[in-house]
Amino acid sequence: LKNVKAVCPQSTAFDWVHPKELKALGIPVSNCPHFPAESVAEYVVALTIEGLRKTALHLKNKWEMNWDARGSSLRGKTVGVIGLGAIGHGIATNMHAMGANVIYWSKHTKDKNFKYVSVDELFRTSDVIIPAMATNDGSKKVITNTHLDSLKKTALFVGLNRIVKELLDEEYLFKKVEKGEIGGYAFESDFAKDVTHYKGNIWSVPAIAWYTDDSVANLLDIWVNNMIAVAKDTPQNVVN
C-alpha cells in the first residue's frame, strides 16, 4: 500500500502487524494499551475462585455433590502474579482485597505494596500462579517446565488466553493436572473446549475476560484518538 502514514491496530497486541518491518519503512504503529485491564483483572478473580472450588469436577459429576472434590477459599492463599503491568497490578490489587497474600515477579515494574520474589521462589511457594506478562521474544524464556514441576501439588494455575500459549508449554500443564501433580488449571481461551473435554480439575471458558461494555468503550476511545493523532502528525501510543 502506498502513502501509509501509520498502522493503528484496534488491540493491545501489535506483534501481528510486524512493527519492526514497519519501523524500517518509517511507519509508526499505534496500539490501544490497557483498555481491558480492569475487566480482565476482575475476571481473573472469578477464574481463580472456580478453580479453587473445583467447579469443573462438580460439573462433570452432573452437579451431584462430589465429596472427593472439596475446594478451598481464596482468603489466606499465596497468589503469585508474574508481570505487574496494568493487568498484573489490577490482579494483585484485587487479590489483596480478597484477603490473599500477594507476591510477584516483574521484569520492569516494582510496587512496595506487594512482595517481590524471584520466579523460582514464586513457583515454589504460591498456591495460585497467574502470568500477566506482555508476550514477546524475551518473555517466552521466563516460565519453563522445570518451574511447572516445582509447583505445589495443590497449586492452581490461572491462564489468560494467548498469554499462556505464548509463555509456556500449555500441553505440559494439562498433563500435570490430569495426572494429579498439581491442583488445577482455570483458563480462558479462544481455543478452549468444553469443560467435560478435559480430565481433572480444569475449568475452561471462552476468551471473554476483556469483553465488557467498559472495555469496548475504552478501546474505541483510544483507537479513534490514535487515528486523529496520526492525522495531526502527532502519533501517540507508538510501540515501534
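Which residue takes a positive phi just after helix 4? Select Gly99 to find out: its phi is about 95°. Keep in mind as you click around that this is a predicted model.

Now step back to helix 4 itself, residues 86-97. Its 12 residues reach 17 Å from the first C-alpha to the last, close to the 16 Å expected at 1.5 Å a residue. Colour Gly88, Gly90, Ile91, Ala92 and Met95 next; these are the buried residues of the helix. To see what covers them, show helix 2 (37-52) along with strand 1 (78-82), strand 2 (101-105), strand 4 (128-131) and strand 5 (156-160), which are among the covering elements.

Ile91 and Met95, together with Phe123, Phe157 and Tyr185, touch the most other members of the largest nonpolar core, which has 56 residues. Helix 2 gives this core its largest share, 6 residues. In soluble globular proteins, nonpolar side chains tend to be buried together.

Centre the view on Phe157 next. Beyond its neighbours within four places in sequence, Phe157 is in contact with Phe123, Ile129, Pro131, Leu148, Leu151, Val164, Leu168, Leu173, Gly184, Tyr185 and Ala186.

For the last stop, turn to the surface. Select Ile208, Trp210 and Tyr211, a nonpolar patch with about 310 Å² of accessible area together. Tyr211 sits in the loop between strand 7 (202-205) and helix 9 (213-231). Is Tyr211 buried or exposed? Tyr211 counts as exposed because its relative accessibility is 55%, and the cut-off for exposed is over 50%.

Key:
Residues numbered from 1 in each chain as written. Predicted model: local features only at pLDDT ≥ 70, side-chain atom pairs only at ≥ 80, totals over all residues. Heavy atoms only, no water. Helix = DSSP H or I, 4+ residues; strand = E, 2+ residues; numbered from the N terminus. Expected span 1.5 Å × (residues − 1). Buried < 20%, exposed > 50% of the residue type's maximum accessible area, 1.4 Å probe, protein only. Contact = heavy atoms within 4.5 Å. Core = buried A, V, L, I, M, F, W, Y, C linked by side-chain atoms within 4.5 Å. Patch = residues over 30% accessible without salt bridge, like charges linked within 9 Å, V, L, I, M, F, W, Y side chains within 5 Å. Areas by Shrake-Rupley, 256 points an atom, 1.4 Å probe, with all protein chains shown as cover. Salt bridge = Lys/Arg side-chain N within 4 Å of Asp/Glu carboxyl O.
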